[in-house]
Amino acid sequence: MLLSSTARLAARRVVSTAAFRSSARTATTRSAASADSRSSIMPLAVVAAAGGLALGASRMREEEKTQCLFGTGSNTEAIEEKFATYWPRNIMILFGPPGAGKGTHGPKIEDMLGIVQLSTGDMLRAAVSAKTEVGLKAAAVMKAGGLVSDDIVVGIIRDRIKEPDCKFGFILDGFPRTLVQSQALDKMLADEGACVTKVISLDIPDEVLEERICGRWIHKKSGRSYHVKFAPPKAMKLDNNGNPVLESMKDNETGEPLMQRPDDTPAALVKRLQSYHGETVPILNHYKPNGIVAAVNANQGMDGVWGEILKALKRSAQ
Ligand code: AMP
């Protein structure tokens, strides 16, 4: 079961194109290695958490505790099943405007906690590429930087979080984006007795986003992301005006051509930011009374942002 969820995570990355991984090194070293590490991370997390529970069960004899928690034979599937049945899911929202770093830091949280990152942008782009019914409906509005209808994205998430790789929890990236979506999310979680457990808000001024967004190039197949200034591909050449030569924009690993997202343009960004401030930011106030919103300064180097995220993920950070 663990291996299959690992494979799913790897597969998600293959179709993923949203990641803004501002270091080419980071971008190119992800994939199989991190997937391998996860197969050991999850049992460790489960065993560690189980250990905590064991300490609380003070009246049981050691042997009984072990049997109760791990089943006889320390069967991984039985432990997983126990946690999936009795423990609440860890449900996080990675919040922030386009270019804030959700695609950079989400995979690191995935690796650390062993829960999957679900990007509605990735899922919609996959649907557009596959020319599914949803993709055909969403393509034009996405290209212009508008929001796809609540019904469509809520339906996508409703189905996706039922998948086995979400059974311990998940990280939402790009969802919810409207109050209607957050209410629909709360409702679908409440139906199973769950709720959003953490909102990490990556705060960054609009002024820096245009450079981040408009300079990003992507290797579509792997999701590896580059930036003309912050993480250029090795083969990149500049013309006399300092602009990248199209033919030189190649993926470091495969040498295949890179592409720019059709909505990574200054015009579409204006629209994306308008909907972010008008429709998405109010979601923070929706979750603040629960004491689960943690703000992170995303306008600093990657290590600084990651340090603040780690702090925000800890229970004591609220
Ligand atoms: P992203 O990759 O998160 O920047 O999303 C790319 C585009 O997909 C957005 O500009 C929207 O057009 C669409 N999209 C992604 N997630 C949502 C959502 N939760 N609600 C509506 N539209 C979305």
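Fold, ligand shell and backbone

Author: The protein holds 14 helices and 7 strands. The coordinates are those of a predicted model.

Reader: What percentage of the residues of the protein count as buried?
Author: Burial here requires 20 or more other C-beta atoms within 10 Å of a residue's own. Applied to the 318 residues of the protein, the buried percentage comes to 37%.

Reader: What share of the contacts with a separation of 6 or more comes from residues 24 or more positions apart?
Author: A contact is counted when two C-beta atoms lie within 7 Å. Among contacts in the protein with a separation of 6 or more, the share from residues 24 or more positions apart is 75%.

Reader: Which strands are the edges of the open sheet?
Author: The open sheet has 5 strands with parallel pairing, in the order E2-E3-E1-E4-E7. An edge strand pairs on one side only, and this applies to E2 and strand E7 (293–297).

Reader: In E3, which residue is the bridge partner of glutamine 117?
Author: E2 (residues 116–119) pairs with strand E3 (residues 169–173) in the parallel sense over 4 bridges. Within E3, the partner of glutamine 117 is isoleucine 171.

Reader: Which residues of strand E2 point the opposite way from Val116 and Leu118?
Author: In a regular strand, side chains alternate between the two faces of the sheet. In E2, Val116 and Leu118 point one way, and all of the strand's listed residues are buried. The residues pointing the other way are Gln117 and Ser119.

Reader: In E7, which residue is the bridge partner of isoleucine 200?
Author: Strand E4 (residues 198–203) and E7 pair in the parallel sense over 5 bridges. In E7, isoleucine 200 has as its bridge partner alanine 294.

Reader: At about what angle does helix H6 run to E3?
Author: Helix H6 (residues 102–113) lies across E1, E2, E3 and E4. Angles are taken between N-to-C directions on a scale from 0 to 180 degrees. Against E3, H6 runs at about 175°.

Reader: Is alanine 231 buried or exposed?
Author: Alanine 231 sits in the loop between E6 and H12. The threshold for burial is 20 or more C-beta neighbours within 10 Å. Because alanine 231 has 24 other C-beta atoms within 10 Å, it is buried.

Reader: Why does phenylalanine 230 count as partly exposed?
Author: Phenylalanine 230 lies in the loop between strand E6 (225–227) and helix H12 (266–280). A residue is exposed at 12 or fewer neighbours and buried at 20 or more. Phenylalanine 230 counts as partly exposed because its number of C-beta neighbours inside 10 Å is 15.

Reader: Which helix supplies the largest share of the shell around the ligand?
Author: Of the 18 residues around the ligand, Thr120, Gly121, Val148, Gly174 and Arg177 come nearest. Helix H7 (120–129) and helix H8 (133–143) each supply at least two residues of the shell. The largest share, 3 residues, comes from H7.

Reader: How many residues of the shell around the ligand are charged?
Author: The shell divides by residue type, with 9 nonpolar and 6 polar. The charged residues number 3.

Reader: How many of the 10 residues of H7 are buried?
Author: The buried residues of H7 are Thr120, Gly121, Asp122, Met123, Leu124, Arg125 and Ala127. H7 is largely enclosed by the rest of the structure, because the buried number among its 10 residues is 7.

Reader: What is phi of lysine 131?
Author: Most residues other than glycine have a negative phi. Lysine 131, in the loop between H7 and H8, has a positive phi. Lysine 131 is exposed, with 10 other C-beta atoms within 10 Å. Its phi is near 55°.

Reader: Which residues does a cis peptide bond join?
Author: Most peptide bonds are trans. Here one has omega of about -5°, and its proline is in the loop between E3 and helix H10 (179–190). The cis bond joins phenylalanine 175 and proline 176.

Definitions and conventions
Residues numbered from 1 in each chain as written. Predicted model: local features only at pLDDT ≥ 70, side-chain atom pairs only at ≥ 80, totals over all residues. Near = placed C-beta within 6 Å. Nonpolar A, V, L, I, M, F, W, Y, C, P; charged D, E, K, R; others polar. Pairing = 2+ DSSP bridges.
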